[in-house]
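Please find below a short note on the model you sent. The points go from the overall fold to single helices, then to charged pairs and the surface.

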Amino acid sequence: MEAKNKINGKDPASAEKKSDSFIRFSIATETILKNIQKYKNEKLEEFGLHGMHLMYMYCLDKSSDGMTPVELAKNCNVDKAFISRVTTELKRLGYIDYGTRAEKEPKYKKRILLTNEGKRIMQSINNMINEAVERITSGISQDQIDSFYYVLSKFDENLDSLLEAT
């Protein structure tokens, strides 16, 4: 009887559970991502920024001597062309500028720095981030948060392996 319930050596109930788990995971991560984007866009609107700007501004804020476009792209996990578009917009808003040696260097070697205005709004943005993290993690222990990030990074690692295999 047991052999009849298996398809290609696999238990259909187990395969269905895995499919359900994958769909549940996909819906949860997509919902979380949408909510994060909505929150960032609403909070950053007062500064003329969008959610996509947050990571770039954050990385520049954490870097005392600025970053080149290549370094910024690597830290934010995006391509250099996208960094070029974003930095053009952030410069137009007055939030970033290039280091004093900028005229002598090719564009990809120029160090990007937050302006005083960029630093000022980052103080407000960091307060917003801290408040959001406190509210999001309310009722969750630090061990649970650490476990969550561990599992999430394993999912990411395994998904990378899956994509490399295809």
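**Notes on the predicted model**

1. Read along the sequence, the elements follow the pattern α-α-α-α-β-β-α-α, with 6 helices and 2 strands in the protein. Helices (H or I, at least four residues) and strands (E, at least two) are DSSP runs, numbered from the N terminus.

2. This is a predicted model, in which local features need pLDDT of at least 70 and side-chain atom pairs count only at pLDDT 80 or more, while totals for chains, interfaces and linings use all residues. Residues are numbered from 1 along each chain as its sequence is written, and side-chain values use heavy atoms, with hydrogens and water left out.

3. Of the 166 residues of the protein, 25% count as buried; buried means under 20% relative accessible area, exposed over 50%, and partly exposed in between (1.4 Å probe, protein chains only). The protein exposes about 12,500 Å², of which carbon and sulfur atoms supply 53%. Areas come from the Shrake-Rupley method with a 1.4 Å probe, and for residues only the protein chains shown count as cover. Among contacts (heavy atoms within 4.5 Å) between residues at least 6 apart in sequence, 52% join residues at least 24 apart.

4. In H4, the buried residues include Ile 83, Val 86, Thr 87 and Leu 90. They cover an arc of only 100° around the axis, which puts them on the same side of H4; the arc is that of the directions from the helix axis to the C-beta atoms. Arg 85 and Arg 92 are exposed on the other side of H4. The cover over the buried residues of H4 includes helix H2 (51-62), H3, strand E1 (96-98) and strand E2 (112-114).

5. The end C-alpha atoms of H4 are 18 Å apart, in agreement with the 18 Å that its 13 residues should span at 1.5 Å a residue. The expected span is 1.5 Å times one less than the number of residues. H2, with 12 residues, reaches 18 Å from its first C-alpha to its last, close to the expected 16 Å. Buried residues of H2 include His 53, Leu 54, Tyr 56 and Met 57.

6. Asn 77 has a positive phi of about 60° although it is not a glycine. Most residues other than glycine have a negative phi. Asn 77 lies in the loop between helix H3 (69-76) and helix H4 (80-92) and counts as exposed at 72% relative accessibility.

7. The structure holds 5 salt bridges, each a side-chain nitrogen of Lys or Arg within 4 Å of a carboxyl oxygen of Asp or Glu. One of them joins the side chains of Arg 111 and Glu 71 (3.1 Å, N to O). This pair links distant parts of the chain, with Arg 111 in the loop between E1 and E2 and Glu 71 in helix H3, 40 residues apart.

8. Glu 117 and Arg 120 meet in a salt bridge (2.7 Å, N to O). Being 3 residues apart in helix H5 (residues 116-136), Glu 117 and Arg 120 are separated by about one helical turn.

9. A nonpolar surface patch of about 790 Å² includes Phe 148, Tyr 149 and Leu 159. Patches are made of residues with over 30% relative accessible area and no salt bridge; like charges are joined within 9 Å, nonpolar side chains (Val, Leu, Ile, Met, Phe, Trp, Tyr) within 5 Å. Leu 159, in helix H6 (residues 142-165), is partly exposed at 38%.
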